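The stops below are given in the order in which they may be selected.

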Amino acid sequence: MEQRISLITLGTRDMAAQGAFYESLGWARVDSPDGVIAFDLIGQTLGLYPLEALAKDIGVAVSDLGHGASTLGYNVREKHEVGALLERAVASGGRILKPAEDVFWGGHSGYFADPEGHIWEVSWNPFSPLGSDGTFQWNGAE
């Protein structure tokens with residue numbers, strides 16, 4: 001197995017509202033089959049898929065999916081961008097879980113939830129600068 005993630009799928013109750021939320025953050029949909037909303041990222045794709053269909057594909061009840069203890073991380077280039085993106089998430093229908101603040105490891109971050117509760121961390125990490133194309137690597141992109 002190569003060390004990468006190709007597709008991140010979020011089980012979604014209201015596909016139209018979730019799609020509109022991510023579009024209002026500035027993301028563009030790509031063509032995809034009916035029943036799937038996809039946003040190509042740098043080297044990956046974020047997919048929105050009906051929650052009931054996801055449970056059926058896996059072979060479990062919707063109640064078994066729950067919300068795992070996971071977050072989606074989005075790093076920004078400049079410290080001030082953290083708060084601005086959190087504000088945009090709220091204006092788009094999300095909610096702040098933790099406002100932007102300096103953190104113990106020397107960066108600046110905050111958390112928001114999308115309209116269905118998927119949790120995002122927005123961070124500025126001075127020790128892991130983004131590449132010119134937005135790529136992220138733990139010790140900084142080249």
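Select Y111 together with E121: the former stands opposite the latter, which lies in β7. Strands here are DSSP runs of E with at least two residues, and helices are runs of H or I with at least four, numbered from the N terminus. The model is predicted, so local features need pLDDT of at least 70 and side-chain atom pairs count only at pLDDT 80 or more, while totals for chains, interfaces and linings use all residues. Residues are numbered from 1 along each chain as its sequence is written, and side-chain values use heavy atoms, with hydrogens and water left out.

Next, select β6 (residues 108–113) and β7 (residues 119–124). The two strands run antiparallel and are joined by 6 bridges; strands pair if DSSP finds at least two bridges between them. Of the 6 residues in β6, 5 are buried (under 20% relative accessible area with a 1.4 Å probe, protein chains only; exposed is over 50%, partly exposed in between).

Move to the turn of this hairpin, where 5 residues separate β6 from β7 and G117 has a positive phi of about 95 degrees. H118 is also in the loop between these strands. Why does H118 count as buried? Its relative accessibility is 11%. The H118 side chain reaches the backbone oxygen of G11 at 3.3 Å. Beyond residues up to four places away in sequence, H118 touches L10, G11, Q18, F112 and A113 (contact: heavy atoms within 4.5 Å).

Finally, select β5 (residues 95–102), which is antiparallel to β6 and joined to it by 5 bridges. R95 has A113 as its bridge partner in β6.

Key
A polar contact is a pair of N or O atoms within 3.5 Å; within protein, one must be able to donate a hydrogen and the other to accept it, and residues adjacent in sequence count only if both atoms are side-chain atoms.
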